[in-house]
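Open the model in your viewer and keep the selection panel handy. We will go from stop to stop, with something to select at each one.

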Amino acid sequence: MTDKDWLLKKDNYVPKNDKDKFINKTIMSLIGVLSKIKKNSLVKDNIVYKVNPLAKILGSLLIIIMLSLSKNTNYTFIIGAFIIGILSILDGDDILRILTVSIIIPIFTLIMLIPSMLFMNNLYSSLILVLKIFLTVILMNILSSTSNWHSVTKSLKSLFVPDIFILVFDITLRYIFLLGEFSLDMLYSLKLKSVGLNKDKRNSLLSVIGNLFLKSKNMGEDVYSAMECRGFTGEYKSITKFNFTYIDYIYCLLCFGVFLLYFIYH
């Protein structure tokens, strides 16, 4: 028997089955988040998606303030009809996603208010509060689903928001996407290299988290050095200006109409 005879033998190794549901769920969750970020950058033909982000931010803030100050139930229902009307114009996938996400916080609020409804007889007030929270969350999700992140950053600069807030907001969004792709690659690598029964999954996942932390630290230092080399002083400048169209004016008129109705019902 020579040293190379083992090459001619058949390998009957059968790896033991192992459960990797956690890795699969984590991968699917990351893919879902990254797909939402990519989808947010797409341009759609729907009329709501074409509204100027600056107009949508101002209109959303105005409606939220009026909704918070309102003590009239009929006015609250009018705002609800306005928000549901905007929601109904969106694409079916966005409507389903917005409603699915928006229902979580109101349900949690309703659970927290159960003692107040039972022992203090605040059923009506509690339900109105839950309704206001539900409408507010829907409105903010409509804003995030129909606006490009770069346009939102540009709108914040037009609203004289401090540059440090815009910087943190912009870099955070970019890092969520970049680190998400990096962690997704590491999870795929971990899954492909995990052959058979792996009894040390915890340490493997901790290694992924540790590498992700080191990657974010290195990326942060690289970004800081690159910004210094390019002469960035912390000031955001908007090169292009927003152009308002007839769609933007119609949206602003509708929001202003909701604002005027507040004084009619109060």
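How many aromatic pairs does a search of the whole structure find? The search finds five. Keep in mind throughout that this is a predicted model.

**Stop 1: an aromatic pair.** Select Y75 and Y262 and show their side chains. The ring centres are 5.6 Å apart and the planes meet at 70°, so this pair is edge-to-face, the class for angles over 60 degrees. Y75 sits in helix 3 and Y262 in helix 11, so this pair links parts of the chain that are 187 residues apart. Both Y75 and Y262 are buried.

**Stop 2: helix 11.** Select residues 246-265, the 20 residues of helix 11. At 1.5 Å a residue this helix should span 28 Å, and its end C-alpha atoms lie 29 Å apart, which agrees. Next, colour I247, D248, Y251, C255, V258 and Y262, the buried residues of the helix. Look down the axis of helix 11: these buried residues fall within an arc of 115°, so they line one face. An α-helix has 3.6 residues a turn, so residues three or four places apart point the same way. Turn to the other side of helix 11 and you will find Y246, Y249, L253, F263 and I264 exposed.

What do the buried residues of helix 11 pack against? Show helix 2 (53-69) and helix 3 (73-89), which are their packing partners.

**Stop 3: the nonpolar cores.** The largest nonpolar core has 26 residues. Select I63, I79, F82, I83, L90, I138 and I142, the residues with the most contacts inside this core. Helix 2, helix 3, helix 7 (123-146) and helix 11 each supply at least two of its residues, and helix 3 gives the most, with six. Zoom in on F82: leaving aside neighbours within four places in sequence, F82 is in contact with I63, L254, C255 and V258. Then select I57, L143, L156 and V161, which are among the six residues of a second, separate core.

**Stop 4: a serine in helix 7.** Finish with S145, which lies in helix 7. Is S145 buried or exposed? Its relative accessibility is 10%, and the cut-off for buried is under 20%, so S145 counts as buried. Show the backbone of N141 as well: its oxygen lies 2.8 Å from a polar atom of the S145 side chain.

Conventions:
Residues numbered from 1 in each chain as written. Predicted model: local features only at pLDDT ≥ 70, side-chain atom pairs only at ≥ 80, totals over all residues. Heavy atoms only, no water. Helix = DSSP H or I, 4+ residues; strand = E, 2+ residues; numbered from the N terminus. Expected span 1.5 Å × (residues − 1). Buried < 20%, exposed > 50% of the residue type's maximum accessible area, 1.4 Å probe, protein only. Arc of directions from axis to C-beta. Contact = heavy atoms within 4.5 Å. Core = buried A, V, L, I, M, F, W, Y, C linked by side-chain atoms within 4.5 Å. Polar contact = N/O pair within 3.5 Å; in protein donor to acceptor, adjacent residues only side chain to side chain. Phe/Tyr/Trp six-rings, centres within 6.5 Å; stacked < 30°, edge-to-face > 60°.
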